[in-house]
Amino acid sequence: MDLRLSGRVAVVTGASKGIGLAVVRTLLDEGARVVAASRRSGADLDALAGPDLVHVPVDLMDPEAPARVMARAAEEFGGLDILVNNAGGPPPGVSLPRFTFLAPDDAAWREMFEFNLFSVVRAVRAAIPLMLRRGGGAIVNVSSGGARQPAPMNVDYNAAKAGLNNLGKALSEEYGPQGIRVNTVSPGPVRTAWWTEEGGAADIIAAQVNTDRDTVIASLAPEMMSLTTGRLVDPQEVADVVALLASPRSGSTTGADYVVDGGFLKAV
Ligand SMILES: NC(=O)c1ccc[n+]([C@@H]2O[C@H](COP(=O)([O-])OP(=O)(O)OC[C@H]3O[C@@H](n4cnc5c(N)ncnc54)[C@H](OP(=O)(O)O)[C@@H]3O)[C@@H](O)[C@H]2O)c1
């Protein structure tokens, strides 16, 4: 299927690793021109270098950063058609999961909302005028199954993502008539650095139950989270849905929340 993304200009945040990197690769493969934002590049992103890719080194905890990224899209490629707000998860210096409501203090709650919600608010604020100038666009926000499945684990993260789902729906209502579609993709646990790196989620859970990282990734986490597929999600499986929602082929899809979660969510 041709996604009709050739020549479209996309910003992808959190682009150097995991889901964001898979989204960048997929959009480039589809012929899009991509502005990739993260604090640092990396070997995997560098390997995609070419005339259609620009990396902007920014810390999205900085309130001025999202506007700088959108401005760069306009400078380099003349405008903006697609915004993928993918950066999120543990804010810099934080490791998740945390297991109880009492774990994060006020400062931790604030950081969580800065990274997972307020940086998106600022990115959308800077992106909308550029999209309106081109007669429309597509925004895809990467949320989490936790937004719709509250639990004691990561209560602050889930609350921020629930806000993101709500924001996406509100934006879709306001800007749909002007040609901007806004959708959310909600992954379940995805096999990225967040899980696999030293001190990451798998190590934290392994320490709790006295096992090792590989066992958590291969079987314990899928069991704990009742994944009907029996395995963590692959980043590419999320990226493929993001690309479809970014595409004009999804022209009648807006205000939706697509889950890519291995069967984590059980509600109808
Ligand atoms: N992995 C999961 O299990 C899972 C599950 C549900 C939802 N999600 C959501 O999926 C999205 C991507 O997660 P992921 O697991 O793919 O993440 P990841 O592999 O940990 O990658 C995070 C990306 O964000 C960038 N980043 C981190 N802090 C940043 C900052 N302050 N400013 C700018 N960029 C920053 C990182 O690059 P730098 O470090 O160079 O900045 C990297 O490119 C997040 O919104 C997350 O909440 C993930």
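Angles under 35 degrees count as roughly parallel, over 145 as roughly antiparallel, 65 to 115 as roughly perpendicular and the rest as oblique. The structure is a predicted model, in which local features need pLDDT of at least 70 and side-chain atom pairs count only at pLDDT 80 or more, while totals for chains, interfaces and linings use all residues. Residues are numbered from 1 along each chain as its sequence is written. Helices (H or I, at least four residues) and strands (E, at least two) are DSSP runs, numbered from the N terminus.

**Helices H1 and H9**

- The axes of H1 and helix H9 (residues 235-246) come within 8 Å and cross at roughly 50°; axes are lines fitted to C-alpha atoms, for helices over the stretch in contact, and angles run from 0 to 180 degrees between N-to-C directions.
- H1 and H9 are therefore oblique to each other.
- The crossing of H1 and H9 is right-handed; a crossing is left-handed if the near helix is turned anticlockwise from the far one by less than a right angle, and right-handed if clockwise.
- On the H1 side, the contact is made by Gly-18, Ile-19, Ala-22, Val-23, Thr-26 and Leu-27, and on the H9 side by Pro-235, Gln-236, Val-238, Ala-239, Asp-240, Val-242 and Ala-243. Two residues are in contact if their C-beta atoms, placed from the backbone, lie within 7 Å.
- The contact of H1 with H9 comprises nine nonpolar, three polar and one charged residues. Here Ala, Val, Leu, Ile, Met, Phe, Trp, Tyr, Cys and Pro count as nonpolar, Asp, Glu, Lys and Arg as charged, and the others, Gly among them, as polar.

**Domains**

- The chain is assigned domain 1 (9-188 + 234-257) and domain 2 (189-232), with bounds that come from an automatic or database domain assignment.
- The C-alpha centres of domain 1 and domain 2 lie 24 Å apart, and their contact takes 13 residues from domain 1 and 12 residues from domain 2.
- On the side of domain 1 that touches domain 2, H1 and H9 each supply at least two residues.
- That side of domain 1 has seven nonpolar, four polar and two charged residues.

**The ligand**

- The ligand is surrounded by 28 residues, of which the closest are Gly-14, Gly-18, Arg-39, Gly-88 and Thr-192; a residue is near a molecule if its C-beta atom, placed from the backbone, lies within 6 Å of it.
- Helix H1 (18-29) and helix H6 (193-196) are the elements that give two or more residues to this shell.
- The shell around the ligand contains 14 nonpolar, 10 polar and four charged residues.
- Both domain 1 and domain 2 give residues to the shell, so the ligand lies between them.

- Helix H3 (residues 65-77) and helix H4 (residues 106-133) have axes that come within 8 Å and cross at roughly 30°, which makes H3 roughly parallel to H4.
- H3 passes H4 in a right-handed crossing.
- Pro-66, Ala-67, Met-70 and Ala-74 in H3 meet residues of H4, including Ser-119, Arg-122 and Leu-130.
- The contact of H3 with H4 has eight nonpolar, one polar and one charged residues.
- H4 also packs with helix H5 (residues 155-175), at an angle of about 15° and with the axes 8 Å apart, which makes H4 roughly parallel to H5.
- The crossing of H4 with H5 is right-handed.
- Among the residues that meet are Trp-109 and Phe-113 in H4 and Tyr-157 and Leu-164 in H5.
- The contact of H4 with H5 divides into 15 nonpolar, two polar and two charged residues.

**Backbone features**

- Most residues other than glycine have a negative phi, and most peptide bonds are trans.
- The peptide bond from Leu-96 to Pro-97 is cis, with omega near 15°, and Pro-97 is placed in the loop between strand E4 (82-85) and H4.
- Arg-4, in the segment before strand E1 (9-13), has a positive phi, near 55°.
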